[in-house]
Amino acid sequence: MSPEHATGSTLTLHQVADRLGVHYMTVYRYIRTGRLPATKVGGEWQVAEGDVVAMETSPTAQRRVRQRRWDDLLVQRLIAGDEQGAWQVLQDCLASGRDPDAVYLEVIGPALAAIGDGWADGTIDVAEEHVASAIASRLLGRLGPLFGRRGRRRGVLILGAPAGDLHSLPVTLLADPLRGRGFQVLDLGADVPATSWAAAVARVDGLLAVGICATSTDDLDAVRSTVQAIHAATDAPVFVGGAAITDPAQVQTLGVDHVTPSADAALALVEQLAAERRPGAPSSAQ
Ligand code: B12
């Protein structure tokens with residue numbers, strides 16, 4: 001509780017959530033990240049009402065209300081197992097003027113990350129997280145056609161996750177925005193053995209690049225052997241990104257050509273590789 005708001009009544013996490021019109025997980029995140037002062041009393045978080053008022057009236061909070069927190073709304077529907085409601089949130093978001101890229105990278109991605117935080121904190125159980133993931137997969141399947149683009153393909157890309165890594169959603173979350181930019185993307189999905197990566201890349205002539213998405217930190221050895229197998233089968237550059245790619249020293253041991261710390265960085269890299277591929281374009285090493 002901050003000293004200047006120490007008087008007055010206190011609210012529970014759920015009461016604060018109702019008051020601010022956000023999911024209780026979001027309030028939990030505010031507390032954990034220090035944005036909302038709180039104290040734990042008998043295992044329950046308590047928040048001074050004055051601190052809630054301060055948050056309600058802050059310019060950031062007001063901007064949020066104006067913009068609507070689409071990711072919060074989506075988290076609520078996903079956790080409730082309400083696929084139709086989740087779909088409606090995304091439709092409303094698109095109708096408000098956000099483009100499909102923003103829906104993927106600024107709404108669905110952060111909503112999934114929030115659900116992962118809740119799972120790690122114990123505020124969301126495994127069943128809720130699994131239901132949310134299954135709905136998210138179906139939502140991406142329904143949204144995918146929005147990224148269709150007519151005209152000549154700008155190059156072929158192969159994306160996927162290494163053996164042992166079951167996270168396919170982050171792959172699709174990048175694959176579709178790349179399709180929207182005119183690239184042909186083969187999405188290999190999750191848990192792809194190194195030999196299958198090698199076979200897949202060898203089947204494509206003139207491959208622009210290969211992207212490995214490593215989400216589970218347990219699977220970095222698999223990334224290393226995947227990179228070796230791909231390099232033995234194609235000259236195409238290999239880039240790696242994803243939540244597991246955090247330690248620069250570790251990254252150096254993976255043997256990749258490029259590292260992409262975010263979806264935006266991955267999109268920019270592919271654009272750069274396509275530009276370099278154009279006849280007469282100067283080539284650049286990393
Ligand atoms: C959904 C989910 C699952 C689902 C996956 C379903 C599916 N079909 O994908 C299931 C239930 C299978 C699952 C399993 C597990 N999960 Co999980 N999961 C998640 C969750 C909630 C969402 C993943 C997601 O889609 N994120 C959204 C995208 C946007 O996230 P992103 O990584 O930032 O993706 C972007 C970047 O990678 C970027 N990018 C940058 N460069 C590049 C390059 C390329 C080529 C690509 C494609 C993308 C890319 O673009 C992406 C798109 O924006 C995350 C939480 C989280 N924070 O992500 C946990 C999370 C990833 N899981 C976690 C864990 C621990 C597990 C399990 C070990 C749990 C368990 N005990 O069984 C298992 C691991 C199984 C395995 N062997 O892989 C941890 C990972 C911790 C770690 N770093 O190792 C997380 C972070 C949860 C947490 N907070 O602890 N999980």
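Helices (H or I, at least four residues) and strands (E, at least two) are taken here as DSSP runs, numbered from the N terminus. The model is a predicted one, so to speak of local features takes a pLDDT of at least 70 and side-chain atom pairs count only at pLDDT 80 or more, while totals for chains, interfaces and linings use all residues. Residue numbers start from 1 along each chain, following the sequence as written.

Start with the overall layout. The chain splits into domain 1 (3-64), domain 2 (68-145) and domain 3 (150-277), with bounds that come from an automatic or database domain assignment. Between the C-alpha centres of domain 1 and domain 2 there are 23 Å. Their contact (C-beta atoms, placed from the backbone, within 7 Å) takes seven residues from domain 1 and nine residues from domain 2. On the domain 1 side, helix H2 (residues 24-32) gives the most, with four residues. That side divides into three nonpolar, two polar and two charged residues; Ala, Val, Leu, Ile, Met, Phe, Trp, Tyr, Cys and Pro count as nonpolar, Asp, Glu, Lys and Arg as charged, and the others, Gly among them, as polar.

Next comes the sheet. Five strands make up an open, parallel sheet in the order E5-E4-E6-E7-E8, where pairing calls for at least two DSSP bridges between two strands. Strand E5 (184-187) and strand E8 (258-260) sit at the edges, each pairing on one side only. From one strand to the next, the twist averages 25°, with axes being lines fitted to C-alpha atoms (for helices, over the stretch in contact) and angles running from 0 to 180 degrees between N-to-C directions. Strand E7 (residues 238-241) pairs with E8 over three bridges, in the parallel sense, and Gly-241 stands opposite Thr-260 in E8. Helix H9 (residues 169-180) packs on the sheet and touches strand E4 (156-160), E5 and strand E6 (207-213); its direction makes about 165° with that of E5. Helix H13 (residues 263-277) also packs on the sheet, touching E4, E6, E7 and E8, and its direction makes about 165° with that of E6.

That leaves the ligand. There are 38 residues around the ligand (C-beta atom, placed from the backbone, within 6 Å), and Gly-109, Gly-116, Leu-169, Gly-211 and Gly-241 come nearest. Helix H7 (100-121), helix H8 (126-143), H9, E6 and H13 each supply at least two residues of this shell, and H7 brings the largest share, nine residues. By type, the shell has 19 nonpolar, 16 polar and three charged residues. Domain 2 and domain 3 each contribute at least three residues to the shell.

How values were computed
Contact = placed C-beta atoms within 7 Å.
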